[in-house]
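User: I would like to learn how to read this model, feature by feature. Shall we start once it is on screen?

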Amino acid sequence: MTTEELEGAVIGAVLLRGLDADTFEALIDLSENAFSIGVYRNIWREMKQLAHGAGNLDGLVLIERLGNDYEAVILSAPRYVWAKAGLVSYVQMVKRAQVIRNFQQMAADALKCVASSRNQDDALKSIATLRDGLQSLETSESALSPVHIDALLPDIVDRLQQRLNGDESYRTLQTGIAELDSITGGIDHTDLMFIGARPSMGKTALALHLMEKITDRNGGVLLFSMEMAAIQIAERQVANAGSISVSKLKYPQEFTDEDWGRFDSGIREIAGRPIWIVDASNLTADQICMTTENHKREHPGLAAVFVDYLGLVNLPGDERYDLKVGSVTKKLKSLSKRIRVPSIVLSQLSRTVETRMNKRPMNADLKNSGEIEADADIIAMLYRDEVYNPDTPAKGITEIIITKNRNGPLGTVYRSFQEGHFMPVDQAHAERLSKTEPVKEKKTRRYSELFPANPY
């Protein structure tokens, strides 16, 4: 295989495959200087910029950016279909070819300097320079290719312009909860978000609520449900859409006409929405990533991935538990960066919450919180005061507490929670109720208790 065929094969394979795990790594790993042919070098540079900026590798966009002189080369990518499966090997071959070229150039320069040296000291300096150069070559194969900030600035301008034009692909993901979107600015396409809570606080219900809001805007969602069966998830979605209690679905013989109407409305509302569910248990992070990437290729409209929940992800290996959890969170974050689809992961909180007077959760309450907190872009904690204080004035109100927001402020959003469904609520009123202490009933003491009889 000639150098031109090899470099053309790498360009063609990446264009044919689009952004997947291997192409994403190749674009990070391989510098444009690894290409000896100028046309391929320029194409690779633009492909890296597109991947980091717009998050796609569209051939027509490349032609528009590079000019018509590159049209024939880019449109010839399909002839390299044989290279798609061997991309990783071909990338390594291009890197090795670069090392060989660099060595040849270094050796030629050193020989020239030695031949023209006026004395032995100058000659030895030339040899020392060659030796240092050879040491740098030894590590060059494993070195990553940084992207200069200037290469990203045009894409920042493009993203801003596209957002002004209303291009959905450049907008952050809107949750549909206006107050939450106001705090976070929406979820970025590469974000990893955690929803943490103790049991019975409504983690899954909030995830389903967000799924409904996202699909309202025709965004696709993929849910990995390792706790509940797919049919249970579907029932809850229908109940949520029809504003009917999930528990009522267990007793259809007791349905009123209004219940049947709500049920029918829920079915009609959910039918046809781009919602996909995987209810396999004991999944590994690698299986979640692979399934998601395959799904994204088949359904490009995928807007969010949900994992319910982190504690049920299989953690193979002999490492410490916290390190294995960190490996999962890092893989999910890397997945979002590769395919530009945010991952929203549900997580249980530790029992330490129950031991405090103020049971509103904090980041430290996340199990293995160090790894999760480091990798998360957004952390939202759920708290319902009525779970701990049945007589609270804030009965029926859930607090969504943003305890980490990498790109914005922290804050609390209030949502009504009735019969397992989240609904809007007046924020100021809910905040007042949530900060009001429950009125404790005064115990009336009997006269005999106040003035006990003299025992003497």
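User: Which residues in α13 meet which residues in α14?

Analyst: Two notes to begin. This is a predicted model, in which local features need pLDDT of at least 70, side-chain atom pairs count only at pLDDT 80 or more, and totals for chains, interfaces and linings use all residues. Residues are numbered from 1 along each chain as its sequence is written, and side-chain values use heavy atoms, with hydrogens and water left out.
Contact means heavy atoms within 4.5 Å. Helices (H or I, at least four residues) and strands (E, at least two) are DSSP runs, numbered from the N terminus. Here Ala285, Asp286, Ile288, Cys289, Thr292, Glu293 and Lys296 in α13 meet Val328, Lys331, Leu332, Leu335, Arg338 and Ile339 in α14.

User: At roughly what angle do the axes of α13 and α14 cross?

Analyst: Axes are lines fitted to C-alpha atoms, for helices over the stretch in contact, and angles run from 0 to 180 degrees between N-to-C directions. Angles under 35 degrees count as roughly parallel, over 145 as roughly antiparallel, 65 to 115 as roughly perpendicular and the rest as oblique. The axes of α13 (residues 285-298) and α14 (residues 321-339) cross at roughly 15° and come within 9 Å. The two helices are therefore roughly parallel to each other.

User: In what order do the nine strands form the sheet?

Analyst: Two strands pair if DSSP finds at least two bridges between them. The order is β3-β2-β4-β5-β1-β6-β7-β8-β9, in an open sheet with mixed pairing. β3 (275-278) and β9 each have a single partner strand, so one side of each lacks a neighbour in the sheet. On average, neighbouring strands are turned by 25° against each other, direction ignored.

User: Which strand pairs with β2 in the parallel sense?

Analyst: Strand β4 (residues 302-308) pairs that way with β2 (residues 220-225), over six bridges. Phenylalanine 224 stands opposite valine 307 in β4.

User: How many bridges join β7 to β8?

Analyst: Six, between β7 (residues 397-405) and β8 (residues 411-418), which run antiparallel. A hairpin of five residues links β7 to β8. Isoleucine 397 has serine 416 in β8 as its bridge partner. Serine 416 also stands opposite methionine 423 in β9.

User: What lies between β8 and β9?

Analyst: Two residues, in a hairpin. Glutamate 419 in that turn has a positive phi of about 50°.

User: Is aspartate 259 buried or exposed?

Analyst: Buried means under 20% relative accessible area, exposed over 50%, partly exposed in between (1.4 Å probe, protein chains only). Aspartate 259 has 5% relative accessibility, so this residue counts as buried. Aspartate 259 lies in helix α12 (residues 257-270). Not counting residues up to four places away in sequence, aspartate 259 touches Ile244, Lys248 and Glu254.
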